[in-house]
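Trainee: Could you walk me through reading a protein model, feature by feature? I would like the general idea and then the case at hand.

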Amino acid sequence: MTGTTRQDTPVAIEGGGVELRTRAVGGDLSVAFVQLPQGADLRPALKGLPNDLCQCPHWGYMLKGRLKMVTKDGEEVYEAGQAFYWPPGHAPLALEDCEYVDFSPTDDFTAVINHITSQG
């Protein structure tokens with residue numbers, strides 16, 4: 001069994017107020033601690049993936065703020081206090097400063113993180 005805190009989890013993406021920390025926690029899953037400042041739009045960083053959207057599923061909980069999730073079929077807003085499931089095919093846009101924790105398949109999530117970090 002594996003447990004971790006935000007502070008003990010390595011930073012995978014950082015810049016412009018965006019911070020994503022992730023660590024494998026077992027069962028082929030990774031945890032991510034995510035902070036997005038108001039106005040952060042990850043769509044440009046996802047360009048080049050199928051449909052220019054994140055292809056990794058995420059299960060999690062919104063700790064703070066409001067986030068719009070853009071998909072090819074529309075948009076949905078998530079708020080602090082909500083648990084969520086985001087299937088493959090989404091891109092986040094922070095409507096307010098946001099913090100959330102999610103769990104994702106490690107290999108799928110690593111591929112998305114590698115794509116984002118290769119964008120510079």
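**Reading the sheet and its surroundings**

Mentor: Let's begin with the sheet: 6 strands form an open sheet in the order β1-β2-β3-β9-β4-β7, with antiparallel pairing. Its edge strands are β1 and β7, each of which pairs on one side only. From one strand to the next, the twist averages 20°. Angles like this run from 0 to 180 degrees between N-to-C directions, with axes being lines fitted to C-alpha atoms, for helices over the stretch in contact. Strands pair if DSSP finds at least two bridges between them. Strands (E, at least two residues) and helices (H or I, at least four) are DSSP runs, numbered from the N terminus.

Trainee: Before we go on, what kind of model is this, and how are residues numbered?

Mentor: This is a predicted model, where local features need pLDDT of at least 70 and side-chain atom pairs count only at pLDDT 80 or more, while totals for chains, interfaces and linings use all residues. Residues are numbered from 1 along each chain as its sequence is written, and side-chain values use heavy atoms, with hydrogens and water left out.

Trainee: How many helices and strands does the protein chain have?

Mentor: The protein chain has 2 helices and 9 strands. Along the sequence they follow the pattern β-β-β-α-β-β-β-β-β-β-α.

Trainee: What does a pair of strands look like up close?

Mentor: Take strand β1 (residues 11-15) and strand β2 (residues 18-26), which pair in the antiparallel sense over 4 bridges. Here I13 stands opposite L20 in β2. The hairpin they make has 2 residues between the strands, and G16 takes a positive phi near 60° there. On to the next pair: β2 and β3 are antiparallel over 7 bridges, and R23 has V31 in β3 as its bridge partner.

Trainee: Which residues have a positive phi although they are not glycines?

Mentor: Two cases to look at are D28, with about 65°, and D52, with about 55°. D28 is in the loop between β2 and β3, whereas D52 lies in the loop between α1 (43-46) and β4. For accessibility, buried means under 20% relative accessible area, exposed over 50%, and partly exposed in between (1.4 Å probe, protein chains only). D28 counts as exposed because its value is 68%, while D52, at 30%, is partly exposed.

Trainee: Is H58 buried or exposed?

Mentor: H58 is buried, because its relative accessibility is 4%. You will find H58 in strand β4 (residues 58-64). Contact means heavy atoms within 4.5 Å. Leaving aside neighbours within four places in sequence, H58 is in contact with several residues, including F84, W86, D102 and F109.

Trainee: With which side chain does the side chain of H58 make a polar contact?

Mentor: With that of H90, at 3.4 Å. A polar contact is a pair of N or O atoms within 3.5 Å; within protein, one must be able to donate a hydrogen and the other to accept it, and residues adjacent in sequence count only if both atoms are side-chain atoms.

Trainee: How do I read the two faces of a strand?

Mentor: In a regular strand the side chains alternate between the two faces of the sheet. Strand β7 (residues 83-86) has F84 and W86 on a covered face, and A83 and Y85 on an uncovered one. β7 pairs with β4 in the antiparallel sense over 4 bridges, and W59 stands opposite Y85.

Trainee: Where does helix α2 lie?

Mentor: Helix α2 (residues 106-118) lies across β1, β2, β3, β4 and β9 (98-105), and runs at about 125° to β9.

Trainee: Which polar contacts does the side chain of Q35 make?

Mentor: Q35, in strand β3, has a side chain that makes polar contacts with the side chains of R6 (3.2 Å) and E99 (3.5 Å). Q35 is partly exposed, with a relative accessible area of 23%.
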